[in-house]
Amino acid sequence: GWDRDAGEEFTLVTMDISAMYMNISESLGLKAIRHFLLLHPDLLHPRFSLEFVVDAIKIVLNNNISFFDGQYRKQIHGCAMGSHDSPPYSSLAVGYIESQAFDILKSSHGENYAGYFKKMLRRFLDDVFIKWKMSLGPLSDFYNVLNDVDPMISFTMESGLSIPFLDIMFSVRPDGSLSSDIFYKETNSHNYVPFTSFHPHKTLTNIPYTLARRICTIISEPQTRDRRLEELRGFLRQNFFPESVFDSGSRRALLLYR
């Protein structure tokens, strides 16, 4: 299971796609659109055919034009980083790579191996996380398959018993279950909107609650949670927040069901 498996050894794995938006080819993206609309035809509105949707996406992909330094420029590969279409389009493209990798792993390593890969893999856009059971074999087996599905899509990989994924630091406990802590990048200066600013009072008083809620939601161990809340108190003190405002926000956050 996701939480524990007695007697097993695990490692945590994170993967990231290098320059995802720029490296999704039109061929890969449109294959992904066709794949998922054929898999879920109920998602297609009766007014529109599959080919209509594909042609509309081609128009968007082929007309990413910008103006800079007195010149018009047209993107000829990948999708635009600022387009509303790009996140769902790219997520479907990476989902298609996952489905192809699953089929390859099922053929080469068997149903149990591929099933574990499919069940345990978690992804947000191009950030991938998986708790890997070491008895299944080396990480390179599924990592190489993912990298070989499309020549333009390249995954990087890190592994360890403690590893950050997005804003969470995951660690493997001795029984194989996971503990979680909040993760701050080294560049995070914790410069929040100061309490002395001219924002509406409700906006300012909600800042401690929102930050405390994030801590209370993410962190699994009560002692670690309390320590991180005290750290947050110090960060907010530097931004001129009164102690009473922090105390009120943290009390509200602690009442939430994690």
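Biologist: What should I know before reading the model?

Modeller: The model is predicted: local features need pLDDT of at least 70, side-chain atom pairs count only at pLDDT 80 or more, and totals for chains, interfaces and linings use all residues. Residues are numbered from 1 along each chain as its sequence is written, and side-chain values use heavy atoms, leaving out hydrogens and water.

Biologist: In what order do the 3 strands of the open sheet lie?

Modeller: Strands are DSSP runs of E, at least two residues; helices are runs of H or I, at least four; both are numbered from the N terminus. Two strands pair if DSSP finds at least two bridges between them. Here the order is 7-8-9, with antiparallel pairing. Strand 7 (162-165) and strand 9 (178-182) are the edges, each pairing on one side only. Strand 7 meets strand 8 (residues 168-172) over 4 bridges. Ile163 stands opposite Phe170 in strand 8.

Biologist: Which helix packs on the sheet?

Modeller: Contact means heavy atoms within 4.5 Å. Angles run from 0 to 180 degrees between N-to-C directions, using axes fitted to C-alpha atoms, for helices over the stretch in contact. Helix 7 (residues 201-218) touches strand 8 and strand 9, and its direction makes about 165° with that of strand 9.

Biologist: Is Ser90 buried or exposed?

Modeller: Buried means under 20% relative accessible area, exposed over 50%, partly exposed in between (1.4 Å probe, protein chains only). Ser90 counts as buried because its relative accessibility is 0%. Ser90 sits in helix 4 (residues 86-109).

Biologist: Which residues does Ser90 touch?

Modeller: Not counting residues up to four places away in sequence, Ser90 touches Met20, Tyr21, Ile24 and Leu125.
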